[in-house]
Amino acid sequence: MAGTILVQARDPAKLNVEIQNAVDENRLNDAWRFYEQYMEMDGFPRKSVVNKLLAGFVDSCDVEWLEKAYGLVEQAIGESKQNLLERNMLIFVSFGLARAGLPVPASTVLRRMVEMEEYPPVAAWSAVLAYMSQTAQGAYVAAELILEIGYLFQDHRVDPRKKCNAPLIAMKPNTTAFNIALAGCLLFGTTKKAEQLLDMMPRVGIKMDANLVVLMAQIYERNGRRDELRKLQRYVDEAHNLTDVQFRQFYNCLLACHLKFGDLDSASNMILEMLRKAKEARGSLAVATLVFDAAGRGNKFRRGAISESWHHSSHGESYAYGDNRLPGNLVLSYEEFSIDRNFLRLEAEAMEVLGALLAKLQSQVELVTTDRGILQPTEKIFAKLVKAFLKADKTKDLAAFLINADREDSPASNDDSALVHVINSCISLGWLDKAHDLLDEMCLAGVKTGSSVYAALLKAYCEANQAGNAASLLRDARKAGIQLDASSYEALIRSKVLQNDTQGALHLYTEMKEAKIPKAGHQEFERLVKECAEGCEPRLMVKLLEEVKEGQATLDSSVHDWNNVIHFFCRKRLMQDAEKALKKMRSLGHAPNAQTFHSMVTGYAAVGGKYIEVTELWGEMKSLAYNTSMKFDQELLDSVLYTFVRGGFFSRANEVLEMMEKAKMFIDKYKYRALFLKYHKTLHKGKAPKFQTESQHKKREAALAFKNWIGLC
C-alpha cells in the first residue's frame, strides 16, 4: 500500500486530478496539500488547475484561504509564471480580498495587473475600490491607486482612437471611482490626499455629478478652501439635480467654513436668510392651504397627493441609500462572476457601497436641516455662532443677530426667544457680565421681556456677592416696569443681610409687602425653574451649554488665511513667494501647522530638485514635534517620505519611517518599493568599496536599511 501511494504522489497528472477533485468537494486542506506536493515535484501545475485552486480559495470567503490565494498569486508572479493567471481570476481574487477586509493585498493584485498590462475594466476595479474604502488603510490605498491609474491618462496621453488602446481605455477611472475614493478619504480624514484627487480630475476628464459636487464641498471645507467653496456655491444654487440632503450638506459646509475663518457676519447673514425664506415659505403654504380649502373641500385625493409629495421631499431624501448597512451578505461565486462578462454585478455593488458611504457622510450634517424642502438652521449652529460671538466679545452684534432671528422665527413669547435662552445660558455658565450686556442691548432695541430673565440674573449676582451689579440690575428692572417675584426679593434681602446692610434689607422687605407680591411668584419663572430642574432646558440652551463644555481647541482663523495663500503659491509652483508668505506668517506670530508644511513639501516636490529645502523643513518639524504638542498626520509624513526616497536621502527617509512606525501609521510599502526600483534600482548592488569616507559609509548603510525595509535585500 505504501508503495502505491508513493507512485501516485510522483505522478503529476494524477495530482492534478486530485487537486481539482478536492476543490470540487470543498476539501481545501487536501487541495493545498496536493498542490504543495506538486510544487515540490514539478513546479506549478497547469493553468486550469492553478485557476481552479484560486477560485476554490476565494469562493470559501475564509480569510485564511484568501491569504493563501494571494500568496499563490504573488509566488507565481515572483517566479515569472504570470501567464498561468487569468485576468478575470486576478480580478476575482482582488475582489474577494477587498470584501474580506484585506485592502492592501487587494490593491497589490490590481497593481500587479497594471504592471503586467492585464488591465482590469473600471466597472470591476471600482467595486474593489468600494470595499477597500471601508477602512482607514483601505481608503488611503484606494486614493493612491486612483492617482497611479489616473496618471496614465493625464493630459490625453492615451489615444482612444487606436484599437490597441481599448483595454487600457476600459480601465480609465470614472466619476463613480472618484466618488468612492473621495468618500473614503472624507470618512477617515485624509482630505489632503482627497484634494490631490480633485486636482487630477480635470486632467483626466472626469464629469461632475451631484454627489461629486457635494464631496468637493466637504473636502474644501475640511481643508479651509473658502474661495473654492464660494465658486462652487454658484453651481449649487443653479443646479436642479441636487436633493434636499445634498443642499443641506453643501450649506452645512459653507456655514462651517465661515465659522472656521471667524467670519461671523457671513454666517449670521446666511442664517437670517434661511429664516427669512422659511418664513416666506410658511406664508405661501398657508395661503395655498386656504385656496385648496375654499376651492375643493371634497377633493381629498388631490390634497392627499400634495401632502404626500411634501412628506417625501422633507423626509425621504435618503431613499437611494437606504440605511447605512453595507451589502456584505451577498456571496458571489466564481461561476456567477465569470458569466457576467461586462461586470454589471460588480458595478451595481460598487454603486450600492458608494450609497452607504455617502449615507454615513450625510449623517454628519448638524448645522442645517430642511423642512418641506426649505433650509433651516439647527440649534447647533446657533450655539456655535453664539459661542463665537461671545468669544470675540461682540456682544452688540450678537444681540442684533438674535433679535433679527427672533423677528424672522416668531417665537411663541418673548421669554421663549433665542436671545433670552442665550442670556439664561450665560447665567448658567457664570458669564454674568455678558448676560447683563445682552439684556441691556435687548432693552435698547425696544424688545420687551418678562421678569424671569431679570430674576435669574439678579439671583446669580446675589450668589456671586456682586451687590453693586445686583443694585444696578434692580434699577434697570424698575425703569423697565418689571415687577420681580418674591424669590428675587428674598435673594436680595439675604444678600443685604450678609453685607450687614440691615436698613437696605428692611427697605426691600417693605417694598415687597407694599407691592403685595405673592409667594408663588410668576408662573413663567416657576416653569423655567421646573424645566431646568427636570433637565428639560430649551434646546438652544442645551446645545450652547454642550458646545461650551466641549471646549474644543479651535485654530486661529488667520492661520487658515495664511495657509490658503501659501497653498495658492505652491500650486502655481511659485516657491519663492510661498517662502516669503511663510516668513511673513511667522513674523506675525502665527505658527505653521501640518497643513502649512504639507503645502510647502508638495510644492517643492512638484518643482523638483528642492531636497535641501525639504530637509530644512523636516528639521523644523522634528524640533516642533520634540518641543511642542504638535502632531504630524500620515499625509504630511508620507509626502516628506516620498520626497526623500525620490531624491535618495535615505538617512532622512529612515527618520520619517521611524516617526511613522512609532505612531503606528500605515505606510504603503508597495509604492515605495516601486519608487525605489524606478529611480535607484542599481544603487549599492555590488560589494562595498574598500576605501570610503565615514559619510559615504553612513549613506550606504542608510540606503541598505531602507532597501531591506521594502524587501529588496
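In the predicted model, the charged end of Arg-33 sits over the ring of Phe-34, at 4.9 Å from the ring centre; a charge is assigned to this position if NZ of Lys or CZ of Arg is within 6 Å of the ring centre and within 35 degrees of the ring normal. The charged end of Arg-226 is likewise placed over the ring of Phe-261, 4.7 Å from its centre. The model is a prediction in which local features need pLDDT of at least 70 and side-chain atom pairs count only at pLDDT 80 or more, while totals for chains, interfaces and linings use all residues. Residues are numbered from 1 along each chain as its sequence is written, and side-chain values use heavy atoms, with hydrogens and water left out.

The structure contains 21 aromatic pairs, defined as rings of Phe, Tyr and Trp (its six-membered ring) with centres within 6.5 Å, planes under 30 degrees apart being stacked, over 60 edge-to-face and the rest tilted. The ring centres of Phe-95 and Tyr-131 lie 5.7 Å apart with the planes at 75°, so this pair is edge-to-face. The pair links distant parts of the chain, as Phe-95 belongs to helix α6 (residues 87-99) and Tyr-131 to helix α8 (residues 122-132), 36 residues apart. Both Phe-95 and Tyr-131 are buried, where buried denotes under 20% relative accessible area, exposed over 50% and partly exposed the range in between (1.4 Å probe, protein chains only). One aromatic cluster is formed by Trp-32, Tyr-35, Phe-57 and Trp-65.

Ala-348 is located in helix α19 (residues 344-362) and is partly exposed, with a relative accessible area of 44%. Its C-alpha atom is separated by 8.3 Å from that of Ala-127, 221 residues apart along the chain.

The chain comprises 37 helices and two strands, taken as DSSP runs numbered from the N terminus (helices H or I, at least four residues; strands E, at least two). Of its 713 residues, 47% count as buried. Among contacts (heavy atoms within 4.5 Å) with a separation of 6 or more, 69% are between residues 24 or more positions apart.

The pLDDT, the predictor's confidence in each residue from 0 to 100, averages 83 over the chain, and 82% of the residues score at least 70. Residues 287-329 have pLDDT below 50, and this stretch has 39 contacts in the model beyond near neighbours in sequence. For residues 520-537 the pLDDT is also below 50, with 20 contacts beyond near neighbours in sequence. Where pLDDT is low, the predicted coordinates should not be read in detail.
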